[in-house]
Amino acid sequence: MKKLIASVLAASLVAAPLVFASGTIDDAKGAIQIGSDYGISHFHSIELEDDRNDDGNMEIEGWVDGEWFVELDVSSDGTIQKEERRKRTDGPWGLSAAEVSDYIDASMNQGMSRIEEISINAKGDIEVEGDNADGYELEIDFRNGSLEPTKIDKDGRK
């Protein structure tokens with residue numbers, strides 16, 4: 001019996017990092033600070049759940065200097081591991097650092113406790129994906145300029 005309990009406990013500890021691949025609210029706000037320090041004025045997306053691995057890396061995308069779109073891969077300690085820049089002519093669009101923070105807070109008010117990704121598209125649709133405290137996946141949609149959700153989807157436990 002002790003071996004069975006130990007095996008179940010060990011298996012659950014091994015699986016735990018996969019369940020919590022999203023980042024804390026503090027991680028999300030830290031990503032805003034990293035992007036702002038880098039010079040991003042208009043955030044396009046912040047992804048705290050890296051599809052390639054789950055070691056705490058994040059991806060930050062946005063506009064720098066009004067004509068450069070940048071994608072940053074950032075390690076868990078805040079070090080920029082990779083930078084890609086593309087010159088674009090369509091002009092900057094996205095969310096300011098303060099607006100990203102406001103939408104994270106609005107998502108917390110709807111029960112989100114962990115953030116996987118926050119993004120905005122060119123039409124002004126904002127999507128925040130993450131989990132609530134009970135482990136259910138949440139997707140909360142907003143329209144730029146309003147902190148009232150337009151849609152909330154709650155899926156099963158991870």
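What is the relative accessible area of Asp90 in this predicted model? Asp90 has a relative accessible area of 46% and is therefore partly exposed.

**View 1. Salt bridge between Asp90 and Arg88.** The closest N and O atoms of Asp90 and Arg88 are 2.7 Å apart. Because its relative accessibility is 26%, Arg88 counts as partly exposed. Asp90, at 46%, is likewise classed as partly exposed.

**View 2. Salt bridge between Lys29 and Asp105.** The two side chains meet with an N to O distance of 2.6 Å. This pair links distant parts of the chain, 76 residues apart: Lys29 belongs to helix H2 (residues 25-38), and Asp105 belongs to helix H3 (residues 97-109). Lys29 has a relative accessible area of 29% and is therefore partly exposed. Asp105 also counts as partly exposed, at 30% relative accessibility.

**View 3. Salt bridge between Glu84 and Lys82.** The side chains of Glu84 and Lys82 meet at 3.0 Å, N to O. Glu84 is partly exposed, its relative accessible area being 33%. Lys82 counts as partly exposed as well, with 41% relative accessibility. The salt bridges of the model come to eight in total, among them the pair shown here.

**View 4. Asp65 in the loop between strands E3 and E4.** The phi angle of Asp65 is near 60°, a positive value in a residue other than glycine. Asp65 counts as exposed because its relative accessibility is 61%, and exposed residues are those over 50%.

Conventions. Residues numbered from 1 in each chain as written. Predicted model: local features only at pLDDT ≥ 70, side-chain atom pairs only at ≥ 80, totals over all residues. Heavy atoms only, no water. Helix = DSSP H or I, 4+ residues; strand = E, 2+ residues; numbered from the N terminus. Buried < 20%, exposed > 50% of the residue type's maximum accessible area, 1.4 Å probe, protein only. Salt bridge = Lys/Arg side-chain N within 4 Å of Asp/Glu carboxyl O.
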